[in-house]
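Subject: Structure handover

Dear colleague,

I am passing on the structure below, followed by notes on what was found in it. Please read them beside the model.

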Amino acid sequence: MAQSTRIAVTPGDGIGPEVVAETVRCLEILRAKHSLDLEWTRFPWPSHAWHEEHGESMPADALEQLKAYDAILLGALGDPGPMDDPNRYLLPDSISLAPLLDMRKGFDQWVCERPARLLPGARQYLADERARDIDMLVIRENSEGEYVSQGGRLRKGTPDEVATQMEVFTRKATDRIIRYGFEQARNRAADRVSEGRTRSFRTLDGRTCESQVCLVTKRNALRYWGDMYTEAFDEISKEYPDVATHHELVDAACMKFVQSPWAFDVVVASNLQGDILTDLAAVLSGGMGVAPSCNLNPTDPDMPSMFEPTHGSAPDIAGQGLADPTAMLFTAARMLDWLGRKDPAIAAAGKELFEAVAADLAENPGTRRGTHEIGSAICQRLS
Ligand code: IPM
Ligand code: MN
């Protein structure tokens, strides 16, 4: 008998455990309703609580343990809150958030996918009515770039101190992320056509395409990796004549995300630039409370992918039952979709979860509801 699909549930810190609890309730309903061959195990690490007790955020063999799972569902890491407790156990960000980067690196989760769609009911921050049509997918290079954590501090603490922070860009990682962007553009165009929706993007030679990939760099100042990205993009784009191409410098991209976000389809960006752009994209699509995220390894089926919302641990509202679980639920829907590549029943459950969460959002525009209330409303829809 084939082994069931296994999820490692790591609630983490702050609002993480609150939003994960609601998500697990929804997963339980879906599993029972469709007899899904899905199991999960809850881990008390990585977390501040674990660090307080054991002196480390997670056990030394954490990655080995997690490798036995098909996916990791992570709540949030960081300041556990509540902020009005001055004696809460705090760690420097570089320690508390390290497990996130260790997992991305250790499992070579080289793609970070962050979709930004303004769904009905979500808060529209931009006044322009065309902002309703925002529908982009930001693909962040997730394995190297500005996040390789190489460098150091020389003459620390003296007036002559020197800090170096290296950025590393390999052709292999560049090619794979750009090619992934083009593939997603094609998939998105095919999905739109099957749903009877179309979009059109102009190419430089005056043709019109169903989809687009916009490459973001800062090649006017950071020319070495910028030029390599540009050359790889130009070469790979030849394999995708059906996809329009575009380039933006990251500063201009920030401006255009606000000015005309509806003009973007797939956006490919480096690790840091993608990180910054996706906080902005999250706000354009209704805020951190609704923004999903996935860290994927599309090439090695033995490596678990990790699913965590774009938001952090929100210590200002932690422990009060106020956090919106919508982002975590949308993230879980994408996890089921991902796991559903091997099991169509799981993929169908992912679609069902997405639709239930989207319907709940559409019916409750602008209402202030607690974490549990939103979770219960969605559970009820699924039951
Ligand atoms: C994110 C976060 C992380 C990142 C931090 C917590 C290290 O901001 O997932 O976007 O920068 O990747
Ligand atoms: Mn971020």
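By class, the residues lining the second largest pocket are 13 nonpolar, ten polar and five charged, where Ala, Val, Leu, Ile, Met, Phe, Trp, Tyr, Cys and Pro count as nonpolar, Asp, Glu, Lys and Arg as charged, and the others, Gly among them, as polar. This is a predicted model, in which local features need pLDDT of at least 70 and side-chain atom pairs pLDDT 80 or more, while totals for chains, interfaces and linings use all residues. Residues are numbered from 1 along each chain as its sequence is written, chains are lettered from A and ligands numbered from 1 in the order in which they are written, and side-chain values use heavy atoms, without hydrogens or water.

The lining of the second largest pocket comprises 28 residues, and Gly286, Gly289, Val290, Asp324 and Arg368 lie nearest its centre. (A pocket is an open set of points on a 1 Å grid over the protein atoms alone, where a 1.4 Å probe fits, with protein on both sides within 12 Å along at least five of seven lines; lining residues have an atom within 4 Å of a point.)

In the largest pocket, 36 residues form the lining, with Arg117, Asp191, Arg334, Asp337 and Phe354 nearest the centre; the lining divides into 19 nonpolar, four polar and 13 charged residues.

Around ligand 1 are Leu97, Leu100, Arg104, Arg114, Arg140, Tyr147, Asp275 and Glu308, each with a heavy atom within 4 Å of the ligand. This shell holds three nonpolar, no polar and five charged residues.

Best regards
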